[in-house]
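Hello,

Could you take a look at this structure when you have a moment? My notes follow it.

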Amino acid sequence: MLLTIGLFLMSAGTIYLACEYFVNGIEWCGKRLNLGATAVGSVLAAFGTALPESAVTFVAVVFGSTAEQKDLGVGAAMGGPLVLATLAYAVVGLALMMNRRRLGRATAEVKVDHARMSRDQAGFLGVFVVKVALGLVAFAYKPWLGILFLVAYAIYVWREIKDSDTAPEEEALEPLSIRPKLAEPPLGWAVLQALLALVVIGGASHVFVAQLEAIGTALHWPAHLVALLLSPVATELPETMNALIWVRQGKERLALANISGAMMIQATIPSALGIFFTPWRFDGPLLASGIITAVAILFLWMMFRRGVMHGRTLIAVSSLYALFALVLAIGFPVTR
């Protein structure tokens, strides 16, 4: 157990440090490509950090030889959005509260394009509702509908790049970590740093997930609690770490864009894979996760639509994750 806890802490620390290099490299990629700040977070950063968990879903649903393995992929496609919609947003709020004075702010109010964030929540909710609804029905041509989710993500990327706000050169960029003496590092160096950081993040995340599952087993937690509660927290850790780093730098627009972009990927690409290669039928725990995720997004949509968002409000949304844990523990017990 001591070795497990040691690896758990070391892998978490490695992920954080690698994310420091990743966000630095991805910001320079955005500048070299002349992308706006929100597109950097919602497209480049989100795609990079969501790649590992999307790969997990792909391997599980395409190459899984048993129903349990395929179910693991479906669970990953549902658990990720729940964690992002609750805990990841809460981390942004908590980081704002804790760093308010260091950033020289009188309040922990979130500085972001509220109309844009409201629109992002509405878009995700629309896709997510369809995703959950398809899990409740069965019909012959359902696998073909997976194409619609891929199209939806392509439209989202096009819109994000087209409508992206503030150009990255208007943000204060730190020197590229692997070439700190270059005032304007070439795109190749920025891409190399981001890719190397992603490799480290992927490896450390794999270790982190394994230790988290080992801890759950040692505590005699039921398998479904580990799969739906702990594993998604681990796989979404890079997005959460990115958000924490960007908020500490006073760039919560990038942090929130990264979370929104990752959520849209989770709502489309893993879902399309699941619909293509599995029956895509939901049991009680999966349906509960879908309902609570939708409630969280609806709450965020309402708050952003008001035009004012405070760190405390983002922290409050984490209570829905606690509600899901309670529902899962009480409503869907597993006999051991």
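Predicted model: local features only at pLDDT ≥ 70, side-chain atom pairs only at ≥ 80, totals over all residues.

Residues are numbered from 1 along each chain as its sequence is written, and side-chain values use heavy atoms, with hydrogens and water left out.

Helix α1 (residues 2-32) and helix α8 (residues 237-248) have axes that come within 9 Å and cross at roughly 65° (axes are lines fitted to C-alpha atoms over the stretch in contact, with angles from 0 to 180 degrees between N-to-C directions; helices are DSSP runs of H or I, at least four residues, numbered from the N terminus). Where they meet (heavy atoms within 4.5 Å), the α1 residues include Tyr 16 and Phe 22, and those of α8 include Met 241 and Trp 246.

The structure holds 7 salt bridges (a side-chain nitrogen of Lys or Arg within 4 Å of a carboxyl oxygen of Asp or Glu). One of them joins Lys 251 and Glu 27 at 2.8 Å, N to O. Lys 251 sits in the loop between α8 and α9 (252-277) and Glu 27 in helix α1, 224 residues apart.

Another joins Asp 120 and Arg 159 at 2.9 Å, N to O. Shared partners link Arg 116, Asp 120, Arg 159 and Glu 160 into one network of salt bridges.

Best wishes

Key: Helix = DSSP H or I, 4+ residues; strand = E, 2+ residues; numbered from the N terminus.
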